[in-house]
Amino acid sequence: MFHVADDPRAFLERVGPWLEEREAENNLLLGLAATFAEHPVPGASFLWLDGGDGPAGAALTTAARGLVLSRFPGAELAGLAATLAERGLPAPAANGPVETSDAFARAWSERTGATASVFMEMR
């Protein structure tokens, strides 16, 4: 089940400890959420997947930054794409672990008909 919030503090309270388990991998997501908690960004949305015993994936989206992703179970990325599309949330770009970003781009393309391409690869 996906949860969506517009409050970065609630997001960090619920998902922050899980993201910190892989802090180096999730530093952009953690840093942006912490910054947005101090300096709110209109239209920012925070999403997480409830894996039953805790979070199993997390993301944030803004019109300017696009989608920032943690790792997600691959099968759940179609659900993330559906949740974003149904709520009219932006996903002009996807930034995160390569396999997650690629899988999300495929799911988003299937869902919306948008064409995906790699803009920049980062380490």
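## The sheet

Five strands form an open sheet in the order β1-β2-β3-β4-β5, and the pairing is mixed. The model is predicted. The edges belong to β1 (2-5) and β5 (94-95). Each has a single partner strand, so one side of each is left without a neighbour in the sheet.

Inside the sheet, β3 (residues 55-62) pairs with β4 (residues 66-69). The sense is antiparallel, over four bridges.

## Where α3 meets α4

Two packed helices are described by the angle between their axes and the distance between the axes. For α3 (residues 77-87) and α4 (residues 98-112), the axes come within 8 Å and cross at roughly 50°. That angle makes α3 oblique to α4. The crossing is right-handed.

Which residues make the contact? From α3 come Leu 77, Ala 78, Leu 80, Ala 81, Ala 82, Leu 84, Ala 85 and Glu 86. From α4 come Thr 100, Ala 103, Phe 104, Ala 107, Trp 108, Arg 111 and Thr 112. By class, the contact has eleven nonpolar, two polar and two charged residues.

Key: Residues are numbered from 1 along each chain as its sequence is written. This is a predicted model: local features need pLDDT of at least 70, side-chain atom pairs count only at pLDDT 80 or more; totals for chains, interfaces and linings use all residues. Side-chain values use heavy atoms; hydrogens and water are left out. Axes are lines fitted to C-alpha atoms, for helices over the stretch in contact, and angles run from 0 to 180 degrees between N-to-C directions. Helices (H or I, at least four residues) and strands (E, at least two) are DSSP runs, numbered from the N terminus. Angles under 35 degrees count as roughly parallel, over 145 as roughly antiparallel, 65 to 115 as roughly perpendicular and the rest as oblique. A crossing is left-handed if the near helix is turned anticlockwise from the far one by less than a right angle, and right-handed if clockwise. Contact means heavy atoms within 4.5 Å. Ala, Val, Leu, Ile, Met, Phe, Trp, Tyr, Cys and Pro count as nonpolar, Asp, Glu, Lys and Arg as charged, and the others, Gly among them, as polar. Two strands pair if DSSP finds at least two bridges between them.
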